[in-house]
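Me: Hi! Could you walk me through this structure in plain words?
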Amino acid sequence: MTLKKVLVTFALGLGFSLLIDLHPGFAQESHVGNLTGNAGSGKQLYRRYCIGCHGPQGDGNGENAPWIDPKPRDFTAATFKCRSTPTGTLPTDEDLDHAVQRGFVTTNMPSWNPLTPQQRADLVAYIKTFSPRWKTEKPGTPINIPPETPVTIESVLHGRELFQKMECWKCHGPAGHGDGPSAATLTDSKDNPIRPYNFSTGSRFKCGETNTDLYRIFMTGVDGTPMPSFADVIQPNDAWDLVHFLRTLQSLHTPEEGLWKKYAAEHPSSIKPIGPDAGGQ
Amino acid sequence: MKQKKLLWFLAGSLCIGSGIGAGSPPPAGGGSISGKVTYTGTPPKMKPIDMSKEPSCAKQHTTPVMTENVATGPESALQYVVVYISAGDTTGAAPGEAARYDQKGCQYLPHVLPMQTGQSLQIYNDDQTSHNIHPLAKVNPEWNKSQPAGSPPIDTKYEKPEFIPVKCNIHPWMHGYFAVLSTSHYSVTGEDGSFSLKGLPAGKYTVTAWQEQYGSQTQDVTVGAGDTKINFTFKALPY
């Protein structure tokens, strides 16, 4: 090997290692639709928009964090609330992108819709550099969601039975007001107190607002919180029934609510209460 | 020589047959470590648990169930301490047999379940109520699953060593631990505080004792052909 060759090899090697050093997320990209996110660009955006709450280390301990409830997400744990994937698995890049775009209602996380899709993809790539899990694990396989079943009073009534049987009321309360017997004791995985969702407060959930979102939330669970996954214990048709019933708990005029009100007015004596007095336990 | 080999083989099969140790066949070796875990000082008083919010569980207990974070026995014995080989071990693959964890009477049985990394873990709900099983793993993935009455067991496993607190958010008094270890040589102390690690080839080992409230202690031990006695003492605080 000539001296020249040695020098070239050395220079190339140095160049590569510099490239890697300057871009800690070099190996990590995100793929959202047709876009490829770059962690290096994402870092710049993160330091401008996200660092105040999520912190320089991505551990949710930014300087605003002490005043925020619920606390900003800790990206070093790679535990995410809103996933299309089974509980305990990593979310897809799309899941993270949706979360950034949508924001989280009833929290301090705003919607980042004003950012461009490319910027959000870059941010997703950077967020994934905070936990080593992204290097050793693949995201879970999104759960299968079959087409929605028709909204009928039978579906609503069966969903109501499931709300009782699956003991949703123990946290969410008999009327879905978030005031069940276990509600006051709930803490998230970092021991911070957390409230169960109050269905009467609006139409939006932390992980979306459509019926499909609602289905996905209780089937995959909200990781890092007391809300478990029901994917192994509720069949798809039953899950749609539960979705239809949950819509009657909202303070909106939904088709489900209309059907339920009509039924309740016509059959007042056949409606069993929900909660500890319902019996059959 | 041949006779000696046969003896080891017999001793080995006896261990498997009687289910001693971790359930995996211990590697050839006649050494063992045993002893007792005790406390000094005043441990906190365990409190009776009020299960009246869950009548189907409350009626299963004639005397109140007590909290178990510092469980003690006679003569200052400390219960539910995981004693295991933390260094020097030559452990084989995880045993084929599953580690079984039960939710019964709104309690976790056993309170501390040891298992090896990669070993199958089966979680049963024996109650007439829903539980959500929520192991708060930090090193391993954290998941949270609902398990209504009559559901089939949850079959899972953990790949990395970790002491994982387990809770049920619906019944906040339920607390337990998964002790996921990279060794097959472990023991959880009983009410008398005793432990025993069998089937150890002669050599140098580090033994760790872990208690959920008081953390870990280690001792270096040289094991010969017979039983080597060591004891652990934890300083108990009344709160």
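Reply: Happy to! Let's begin with a term: helices (H or I, at least four residues) and strands (E, at least two) are DSSP runs, numbered from the N terminus. This is a predicted model, where local features need pLDDT of at least 70 and side-chain atom pairs count only at pLDDT 80 or more, while totals for chains, interfaces and linings use all residues. Residues are numbered from 1 along each chain as its sequence is written, and chains are lettered from A and ligands numbered from 1 in the order in which they are written.

Me: Which residues does Ala71(B) touch?
Reply: Leaving out residues up to four places away in sequence, Ala71(B) touches Met46(B), Gln79(B) and Tyr80(B). Being in contact means that the C-beta atoms of two residues, placed from the backbone, lie within 7 Å.

Me: OK, zooming out: how many helices and strands does chain B have?
Reply: Chain B comes to 2 helices and 19 strands. Of its 239 residues, 38% count as buried.

Me: Do tell me about a sheet. What is the strand order in the open sheet of 5 strands in chain B?
Reply: The order is E7-E13-E12-E9-E10, and the pairing is mixed. Two strands pair if DSSP finds at least two bridges between them.

Me: Which strands stand at the edges?
Reply: Strand E7 (112-116) and E10 of chain B do; each has a single partner strand, so one side of each is left without a neighbour in the sheet.

Me: How do E7(B) and E13(B) pair?
Reply: E7(B) and strand E13 (residues 175-181) of chain B run in the parallel sense, over 5 bridges. Within this pair, Pro114(B) is opposite Ala179(B) of E13(B).

Me: Switching to chain A: what do E1(A) and E2(A) form?
Reply: They form a hairpin with 2 residues between them, and Gly33(A) in the turn has a positive phi of about 60°. Strand E1 (residues 29-32) and strand E2 (residues 35-38) of chain A pair in the antiparallel sense over 4 bridges. Val32(A) has Leu35(A) as its bridge partner in E2(A).

Me: How is chain A divided?
Reply: There are domain 1 (24-136) and domain 2 (153-278) of chain A, with bounds that come from an automatic or database domain assignment. Taken over C-alpha atoms, the centres of these two domains are separated by 28 Å. In chain A, 14 residues of domain 1 are in contact with 18 residues of domain 2.

Me: Last topic! How many residues of chain B are in contact with chain A?
Reply: 21 residues of chain B are in contact with 25 residues of chain A. On chain B, strand E9 (131-135) and strand E10 (145-147) are the elements giving two or more residues to that side. E10(B) gives the most, with 3 residues.

Definitions and conventions: A residue is buried if 20 or more other C-beta atoms lie within 10 Å of its own, exposed if 12 or fewer, and partly exposed in between; C-beta atoms are placed from the backbone.
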